[in-house]
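Grab a pencil and open your viewer. Here are a few exercises to work through, each with a solution.

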Amino acid sequence: MIRLNDITKEILSYHPKADTTLVEKAYVYSAKVHQGQIRLSGEPYLSHPLEVAHILAQMKMDVVCIAAGLLHDTIEDTKATLEEIETLFGPETARIVDGVTKISKMQFSNREQRQAENIRKMILAMSSDIRVILVKLADRLHNMSTLGYHPPEKQRLIAKETLDIYAPLAGRMGIYWMKSRLEDLCLYYLEPAIYNRIKEEIARKRGEREKFIKEVRQTIASKLEQHGIKAHVKGRHKHFYSIYKKMREQNLAPNQVYDVVAFRVIVNSIKECYEALGHIHAMWKPIPQRFKDYISLPKPNMYQSLHTTVVGPVGEIMEIQIRTWEMDAVAEQGIAAHWKYKEGVKAKESDEEQFAWLRQLLEYHQSLKDPVEFLESVRMDLFPNEVYVFTPKGEVKEFPKGATPIDFAYSIHSEVGHHCMGAKVNGRMVSLKYQLKTGDMVEIITSSKAHPSKDWLELAKTPRARNRIRQWINRQERQESIALGKAILEREVAEAKLDLPNPTKNELLQEVAKELSFHSVDDLLAQIGFGKISPKQVIGRLRTRLGVKEEKVPGFVSKLVHKLKRRKEGHGIQVRGVGDMLVRFANCCHPLPGEDVVGYITRGRGITVHHKGCKQIMSADPDRLVEISWNSSDEEVYLAKLRITSLDRKGILADISSIIAKRDANIIQAEVTTTSDKKGIALFTMEVKDYEHLHQIIDELKKLKNILLVERL
Ligand code: MN
């Protein structure tokens, strides 16, 4: 078992001035709270946090991170609380322990492979501090090395999770030694037969291969030395898992995998990298497709190197990487993001931006000697624009920041979206406005009565949800325009006294629809409802078919007038569920924005807007009334007429005009008459913005001296 002493010694070896008191305190506390707990291996539980802390020390972490490693299981597995940890070890340590605990509580095992990327991102998003992931990885590494004590079923489950999630995470962090070790351990538990065959194969040729490695190293080094290049050459076996991958990809047996050895040549300058490449290619034949120049085209995580594969001295295929010492440090010291290239996943543009922090990090790293200072600079926010949430089944879904339960509902199914009325987040009811947070467990509540509305478009952040909502609204609008078109046409048919019972079901109308190049009668009705096609035109064609004499149709001029009116007046009003409708304002009551209004279907003219209290509307056919509302964002002006009765005094007209002008209303027309009883009656027609605007003017006018009455006409 690792002892505390081994850990503090390790820390002092890379950071001689470190104060290890925190680590010692954490050790004592961890020993106290884990007391009596036993690992499956039969060892005291404390052995686990000690091993984790030791791995972190070997990774040259700071004392806070190592203390957190000693404490990482205390909240989950003992009576210790986060508050206690914070009081005793400070907020930084507590934050890391808390982060590790949160990740451990999540159930990631037994998920589908396609979920792995989302889970990796979720873990990264949940870790406000890079050290949370490092502790978690160290924890996983030790658990993997003691996996043998678990029953086989559990072994496979944990190994699978490690292979899908933690090994790639280690790779993303650039900690390749850990990635390789995790992968090899996973292979051992998931494919024991293959693992053993690879092991045997490597062992069988060990002596031979080691001799070969030595020879190649010497050949390269001396060749380069002849040309005045001082090079350090390393040779190694590739790890088992990468051999296994090659076997699988190329369908080979272990003894058929030849390029199991890789060499690395480290030189002093970029110029020497290319020179070394030339000399190596002169010695051994390169395989053309395998050459990669990451020096002139660095990977986004700043990785630089020349990669080439050559046919070696005894016909063996060898991979050789050539780089400078500086490039080697960047590649080895990690926290880099290779994984997406190695796994053949194409990086997204935004991902590249998110790794900008890495570049900064590496610059820092070169200028800082103190690991404490270094680690303090690596608080991260890898995915500032995304959130990761769970479905009730534990699936992880990715959404843009600001996404709401509506986005979540549509990501499940359009029908779930169309009928969602609320959601439960972590068991609590929330409204559709709730913004999802990473780690939330979301459950959608649906109702057959719920349906999308236009304000959902504001709440939805994903294109999928927005498209579905828009489709639904368009379909709804279409249905309403068909209904409106039907009503208009039926009345028009009755007006024209055509002998056509149930006209919208009649074959003749189908013919007319075809003649006007509509796919269906519904399309034709929808266009009538939208006010895009005149029912008169349809009536005319029906007449021809019925052999009835044609009446006079409205001429070009009157049609044009309708269009102009629609452009000018129709703007600013929204008919519930019906956009782009022929709308005009009634001349009888001049409704203003803000007032309660109602629409009346006018034959062939779409909808006329009346004041709700208008006498004409009171006596109108209720079937032809439609609900309408004002569009508040509108900048249009409306006509209003006022009659102002006053005592006839000098200058009163000027006073009235100045009030109207001061209020920014444009006077269109003014008429003044004097009555026999010395009263002045002024009629003003003006443009106002809305009802509110008009009332402000009326109120001001009423305050004027000698004004008797202000009435709206
Ligand atoms: Mn643990």
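Predicted model: local features only at pLDDT ≥ 70, side-chain atom pairs only at ≥ 80, totals over all residues.

**Exercise 1.** Find the protein donors of the manganese ion and work out their spacing along the chain.

*Solution.* Start at the metal: the donors are His 48 (NE2), His 72 (NE2), Asp 73 (OD) and Asp 139 (OD). They sit 2.1 to 2.2 Å from the manganese ion. Next, read them along the chain, and you get H-x23-H-D-x65-D. Finally, check burial for two of them: His 72 and Asp 73 are both buried.

**Exercise 2.** Are Glu 161 and Arg 140 buried or exposed, and which helices do they lie in?

*Solution.* First, the contact: their side chains form a salt bridge, 2.7 Å from N to O. Glu 161 belongs to helix H9 (residues 152-172) and Arg 140 to helix H8 (residues 130-145), so the pair ties together parts 21 residues apart in sequence. As for burial, Glu 161 and Arg 140 are both buried.

**Exercise 3.** Track down the salt bridge partner of Glu 515 and the network around the pair.

*Solution.* The partner is Arg 541, with the closest N and O atoms 2.5 Å apart. This pair links distant parts of the chain, 26 residues apart: Glu 515 is in helix H24 (residues 507-515), Arg 541 in helix H26 (residues 535-546). Now the accessibility: Glu 515 is partly exposed at 40%, and Arg 541 is partly exposed at 26%. Widen the view and you'll see Glu 511, Glu 515, Arg 541 and Arg 545 linked in a network of salt bridges.

Conventions: Residues numbered from 1 in each chain as written. Heavy atoms only, no water. Donors = N, O, S within 2.8 Å, 3.2 Å for Na, K, Ca; no water. Buried < 20%, exposed > 50% of the residue type's maximum accessible area, 1.4 Å probe, protein only. Salt bridge = Lys/Arg side-chain N within 4 Å of Asp/Glu carboxyl O. Helix = DSSP H or I, 4+ residues; strand = E, 2+ residues; numbered from the N terminus.
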